[in-house]
Amino acid sequence: MSAHNEPLLVATELRKAYGPTPALDGADFTIRAGEVVAVMGPSGSGKSTLLHCLAGIVKADSGSVRYGGRDLTTMSDGERSALRRTDFGFVFQFGQLVPELTCVENVAMPLRLGGVKRREAEERAAAWLARLEVADIAGKRPGEVSGGQGQRVAVARALVSRPRVVFADEPTGALDSLNGEWVMRLLTDAAHDTGAAVVLVTHEARVAAYSDREIVVRDGKSRDMERTS
Ligand SMILES: Nc1ncnc2c1ncn2[C@@H]1O[C@H](COP(=O)(O)OP(=O)(O)OP(=O)(O)O)[C@@H](O)[C@H]1O
Ligand SMILES: [Mg+2]
């Protein structure tokens, strides 16, 4: 088998409890480069917890998360945050932009944190804003733009550093269907153009339809879902 087909991120038997009730109860997950996997399931089933464990934001109580031959669960906090900066991109439901920074500064931030000089970082950020057709709001602050515009800025910020894995938790949750489709097309294009893997948490079947594969999380356990259409 070629290295290209090998899984990029593999989680096995993840368990995580908050108090007495498990949020994850033996969940498994696998994704390959260039693949978009939708994580579905009812509210409270453990979707966000799974995403946070996969991204090294939350440490699982047991189980392993292997990325590029390393286990995130045994790395130090410093190693994990360095990995998040260099290899991972994030989009959340409400964008979560920094309100004090302009849109172009928000998009440039992951590059700046990675040591790219301000001018170059902002040029690259501006190019992403143009690609997402929101070049005109580059100098505005997040509080001065619409929800859909803000979410495009958040997508630009997630993709600007060309991450290997994009983690998106309900990225279209605050958007109308037109803007939601836009965001999904951008994420799937990014996966197919740059070979990024996209872990997409959503409860909308319409959004999940953009994925290559779906898994369902229920009571902290995951299973593959067969496509019916
Ligand atoms: N930081 C936390 N502290 C305590 N309990 C938590 C925490 N995060 C999650 N939980 C609990 O773990 C379980 C799984 O939560 P999680 O956020 O992963 O669900 P979800 O599938 O993402 O739900 P939703 O669709 O509503 O976002 C829930 O019972 C939740 O109350
Ligand atoms: Mg959630």
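The dialogue below goes from the whole chain to single residues and then to the ligand.

Tutor: This is a predicted model, in which local features need pLDDT of at least 70 and side-chain atom pairs count only at pLDDT 80 or more, while totals for chains, interfaces and linings use all residues; side-chain values use heavy atoms, with hydrogens and water left out. Residues are numbered from 1 along each chain as its sequence is written, and chains are lettered from A and ligands numbered from 1 in the order in which they are written.

Student: How many helices and strands does the protein chain have?

Tutor: Helices (H or I, at least four residues) and strands (E, at least two) are DSSP runs, numbered from the N terminus. The protein chain has seven helices and ten strands.

Student: Which radius of gyration does the protein chain have, and what would a compact globule have?

Tutor: The radius of gyration is taken over C-alpha atoms, and the globule rule is 2.2 Å times the number of residues to the power 0.38. For 229 residues the rule gives a radius near 17 Å, and the protein chain agrees, with 17 Å. Along the principal axes, its C-alpha atoms fill a box of roughly 45 × 40 × 40 Å.

Student: What share of the residues of the protein chain is buried?

Tutor: Buried means under 20% relative accessible area, exposed over 50%, and partly exposed in between (1.4 Å probe, protein chains only). Of the 229 residues, 50% count as buried. Areas themselves come from the Shrake-Rupley method with a 1.4 Å probe, and for residues only the protein chains shown count as cover. The accessible surface of the protein chain is about 11,000 Å², and carbon and sulfur atoms hold 50% of that.

Student: Where does V199 lie, and which residues is V199 in contact with?

Tutor: Contact means heavy atoms within 4.5 Å. V199 lies in strand 8 and is buried, at a relative accessible area of 1%. Leaving aside neighbours within four places in sequence, its contacts include F29, I31, L51, L54 and F167. In the protein chain, among contacts between residues at least 6 apart in sequence, 68% join residues at least 24 apart.

Student: Is T202 buried or exposed?

Tutor: T202 is buried, with a relative accessible area of 0%. This residue sits in the loop between strand 8 (197-201) and helix 7 (205-208). Not counting residues up to four places away in sequence, T202 touches V39, M40, E170, V207 and A208. A polar contact is a pair of N or O atoms within 3.5 Å; within protein, one must be able to donate a hydrogen and the other to accept it, and residues adjacent in sequence count only if both atoms are side-chain atoms. The side chain of T202 reaches the backbone nitrogen of E204 at 3.0 Å.

Student: Is D224 buried or exposed?

Tutor: D224 is exposed, with a relative accessible area of 54%. D224 belongs to strand 10 (residues 221-225). Apart from neighbours within four places in sequence, D224 is in contact with R213, E214 and I215.

Student: Which residues of helix 3 are buried?

Tutor: An α-helix has 3.6 residues a turn, so residues three or four places apart point the same way. In helix 3 (residues 103-113), the buried residues are C103, V104, N106, V107, A108, P110 and L111. Their cover includes helix 4 (118-131) and helix 5 (147-159).

Student: What is to be said about phi?

Tutor: Most residues other than glycine have a negative phi. E13, which is not a glycine, has a positive phi of about 50°. E13 lies in strand 1 (residues 7-18) and is partly exposed, at 38% relative accessible area.

Student: Which residues are around ligand 1?

Tutor: A residue is near a molecule if one of its heavy atoms lies within 4 Å of it. The residues around ligand 1 are Y18, A23, P42, S43, G44, S45, G46, K47, S48 and T49. Helix 1 (residues 47-54) gives the most to this shell, with three residues.

Student: How does K47 approach ligand 1?

Tutor: An N or O atom in the side chain of K47 is 2.7 Å from an oxygen atom of ligand 1. For G46, a backbone N or O atom lies 3.1 Å from an oxygen atom of ligand 1. The protein covers 54% of the 630 Å² of accessible area that ligand 1 has on its own.
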